[in-house]
Amino acid sequence: MLGWGRSKKPAPPSAEAALGNLEPLALLSALDKLLPWYLKETDEGRLVYPACKRTLNDADGNVRAIWEHTRLEACRYVMMVPSRDVELLVSAVRQPEMMDAFLRQPPHEETVVDFKGVPVVDYPTAITAGLNWLDHCAFLGGVDPHKFSGTRRVFRRLVVLAQQWWAIENAGPRCYEMLANREVPPLMFYLMWQSYTRLAKEIAIAAIYGSSLDRAMEQQRQHFQTTLSSQPDQMQAALSALTETTARLKSASDPSDLVRS
């Protein structure tokens, strides 16, 4: 599997499958199920934590699982907000309020946060804490710094663009139309989810393959050509599998894209 396939011990299937559902409330419900399971696995020592420290020899030591679990680690802050008001994250009518609140709040560098009990204050704090956690994991995992440059600044820029989208006439009806068509409107939850997913992928790849996927794959290609030179059929099969692995890793937009059918 070359370090990217299905976990030996998968997460609860009903919750894991729901992460492929674009409906935002379904995603939040899946996180509610997966996070307690994941934190219990790490607390009791069955999974290396944080996920970015895993190797191929560890349980769930593959790109798919590390990607999934690193994203969970970042999402936990939003799920920890004490007085939940998820409408701020997923309701069309609340997006201007949520985005204004986020942009008003000064950026912070903390991953241990003090919630105030006011959701419109706590959600921006939690989202930023998740980004900071991913920055921390990128450093631990040896991600190329250029791929993580200005994480918080990039996210704030996305929020500004989303804010402009919501200011357009009929943005609300357009949002519901997009959801009905399984498209992704710029809800705050989606901005967070997509950013965490993209950043967690870089962390997972670095954990298994190092800071350069292309360099790691070229080294593996040379290894196959050397060790299997006297077995051309096996060498060609190995090289074909390596090419497929590289292509799937690069094109994957979600951990579920790395699960073989």
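Helices (H or I, at least four residues) and strands (E, at least two) are taken as DSSP runs and numbered from the N terminus. On this basis the elements of the protein run α-α-α-α-α-α-α-α-α-α-α from the N terminus on, giving 11 helices and zero strands. The model is a predicted one, in which local features need pLDDT of at least 70, side-chain atom pairs count only at pLDDT 80 or more, and totals for chains, interfaces and linings use all residues. Residues are numbered from 1 along each chain as its sequence is written, and side-chain values use heavy atoms, with hydrogens and water left out.

Of the 261 residues in the protein, 48% are buried, where buried denotes under 20% relative accessible area, exposed over 50%, and partly exposed the range in between (1.4 Å probe, protein chains only). Contacts are defined by heavy atoms within 4.5 Å. Among the contacts in the protein with a separation of 6 or more, 68% are accounted for by residues 24 or more positions apart.

The packing of helix H5 was examined against two other helices, H6 and H7. Two packed helices are described by the angle between their axes and the distance between the axes. Axes are lines fitted to C-alpha atoms, for helices over the stretch in contact, and angles run from 0 to 180 degrees between N-to-C directions. The axes of H5 and helix H6 (residues 119-141) come within 9 Å and cross at roughly 60°. H5 is therefore oblique to H6; in this scheme angles under 35 degrees count as roughly parallel, over 145 as roughly antiparallel, 65 to 115 as roughly perpendicular and the rest as oblique. The crossing of H5 and H6 is right-handed, a crossing being right-handed if the near helix is turned clockwise from the far one by less than a right angle, and left-handed if anticlockwise. On the H5 side, Glu-97, Met-98, Ala-101 and Phe-102 meet Val-120, Tyr-123, Pro-124, Ile-127 and Thr-128 of H6.

For H5 and H7, the axes come within 10 Å and cross at roughly 150°, so the two helices are roughly antiparallel to each other. The crossing in which H5 passes H7 is left-handed. H5 contributes Gln-95, Pro-96, Met-99, Asp-100, Phe-102 and Leu-103 to this contact, and H7 contributes Phe-155, Arg-156, Val-159, Val-160, Ala-162, Gln-163 and Trp-166.

The structure holds six aromatic pairs. Rings of Phe, Tyr and Trp (its six-membered ring) pair if their centres lie within 6.5 Å, with planes under 30 degrees apart counted as stacked, over 60 as edge-to-face and the rest as tilted. The ring centres of Phe-102 and Phe-155 are 5.4 Å apart and the planes lie at 70°, so this pair is edge-to-face. Because Phe-102 belongs to helix H5 (residues 95-104) and Phe-155 to helix H7 (residues 151-166), the pair ties together parts that are 53 residues apart in sequence. Phe-102 is buried at a relative accessible area of 3%, and Phe-155 is likewise buried at 2%.

A second pair is formed by Phe-189 and Trp-193, whose ring centres are 5.9 Å apart with planes at 20°, so the pair is stacked. Both residues lie in helix H9 (residues 188-209), four residues apart, about one turn of the helix. Phe-189 is buried, with a relative accessible area of 1%, as is Trp-193, with 8%. Ring pairs link Phe-189, Tyr-190 and Trp-193 into a cluster. Elsewhere, Arg-76 lies over the face of Trp-133, at 4.5 Å from the ring centre; the criterion is NZ of Lys or CZ of Arg within 6 Å of the ring centre and within 35 degrees of the ring normal.

Asn-132, in helix H6, is buried with a relative accessible area of 4%. Beyond its neighbours within four places in sequence, Asn-132 is in contact with His-108, Glu-109, Glu-110, Thr-111 and Arg-152. Ala-138, also found in helix H6, is buried at 6% relative accessibility. With neighbours within four places in sequence left aside, Ala-138 is in contact with Val-143, Phe-148 and Ile-203. Ala-138 and Leu-199 are 61 residues apart in sequence and 8.4 Å apart in space, C-alpha to C-alpha. Ser-149, in the loop between H6 and H7, is partly exposed, with a relative accessible area of 48%. The C-alpha atoms of Ser-149 and Asp-135 are separated by 9.1 Å, the two residues being 14 residues apart along the chain.
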